[in-house]
Amino acid sequence: MRAVGTVVLGIFAFIGIVACALGANAVLAPTATPQINVQGAPLQPAPAQATDNADMTVTLSERYMNNNIARGLAQGGSVESAQLDIQSNAVVVIDAVMQVNSQLRLSPRVTTQLTVENGRIVVNVQNVNVGGFGVPSSLIEPQINQMKQNAETNLNTQLAKFTASSGLKLQALSTTENSLSLFFVE
């Protein structure tokens with residue numbers, strides 16, 4: 001019985017302390033943030049893009065694409081592993097491990113730009129960096145071309161299956177920091 005009385009007394013004491021604090025303005029209620037007016041030109045609508053007319057949009061995550069690449073790399077091929085880093089402006093950076101010959105393994109970083117031409121994805125190689133080493137382009141060019149060709153073939157094979165079943169055609173693409181969006185039209 002004594003314990004119940006102590007708990008009740010404690011609750012009343014807490015309520016009294018809160019009431020006194022509010023009465024003495026010790027606890028301040030939040031106030032509105034002051035408004036700042038900025039004068040300038042009115043915002044203009046963004047120009048219409050090809051993606052505004054899309055009938056369907058498909059977005060692929062970087063994680064999904066990397067998982068598919070890992071499953072799709074042939075065992076014993078010259079490209080042993082590859083990892084995509086999707087960036088904005090349709091740029092995809094590919095880090096890979098390549099077996100150039102029986103004694104030489106390289107880890108190039110290939111910067112590519114994706115475009116759409118005639119309903120197909122085209123991979124344009126913009127830059128190849130092999131960790132600052134002076135490697136002749138003729139030494140790794142076959143592997144880079146193989147990687148580019150494999151990427152285009154795999155992407156466009158999947159697109160062909162999708163367009164055959166849906167009746168849609170790839171019109172444009174865009175990227176964010178971790179995804180690739182494909183825009184289709186009838």
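These questions and answers walk through a predicted model of one protein chain.

Residues are numbered from 1 along each chain as its sequence is written, and side-chain values use heavy atoms, with hydrogens and water left out. Because the model is predicted, local features need pLDDT of at least 70 and side-chain atom pairs count only at pLDDT 80 or more, while totals for chains, interfaces and linings use all residues.

Me: What average pLDDT does the protein chain have?
Reply: The pLDDT is the predictor's confidence in each residue, from 0 to 100. Of the residues, 66% score at least 70, whereas over residues 1-36 the pLDDT is below 50. For the protein chain, the average pLDDT is 74.

Me: Which pattern does the protein chain follow, read along the sequence?
Reply: Helices (H or I, at least four residues) and strands (E, at least two) are DSSP runs, numbered from the N terminus. The protein chain has three helices and eight strands. Read along the sequence, they follow the pattern α-β-α-β-β-β-β-β-α-β-β.

Me: Is S179 buried or exposed?
Reply: Buried means under 20% relative accessible area, exposed over 50%, and partly exposed in between (1.4 Å probe, protein chains only). S179 has its place in strand β8, and its contacts (heavy atoms within 4.5 Å) beyond neighbours within four places in sequence include T59, L60 and I86. Because its relative accessible area is 12%, S179 is buried.

Me: Which residue's side chain makes a polar contact with the side chain of S179?
Reply: A polar contact is a pair of N or O atoms within 3.5 Å; within protein, one must be able to donate a hydrogen and the other to accept it, and residues adjacent in sequence count only if both atoms are side-chain atoms. At 2.7 Å, the partner of the S179 side chain is the side chain of T176.

Me: What distance separates the C-alpha atoms of L168 and E186?
Reply: L168 lies in the loop between α3 and β7, and it counts as buried because its relative accessibility is 11%. Leaving aside neighbours within four places in sequence, the residues in contact with L168 include F184, V185 and E186. Although L168 and E186 are 18 residues apart along the chain, their C-alpha atoms are separated by 4.6 Å.
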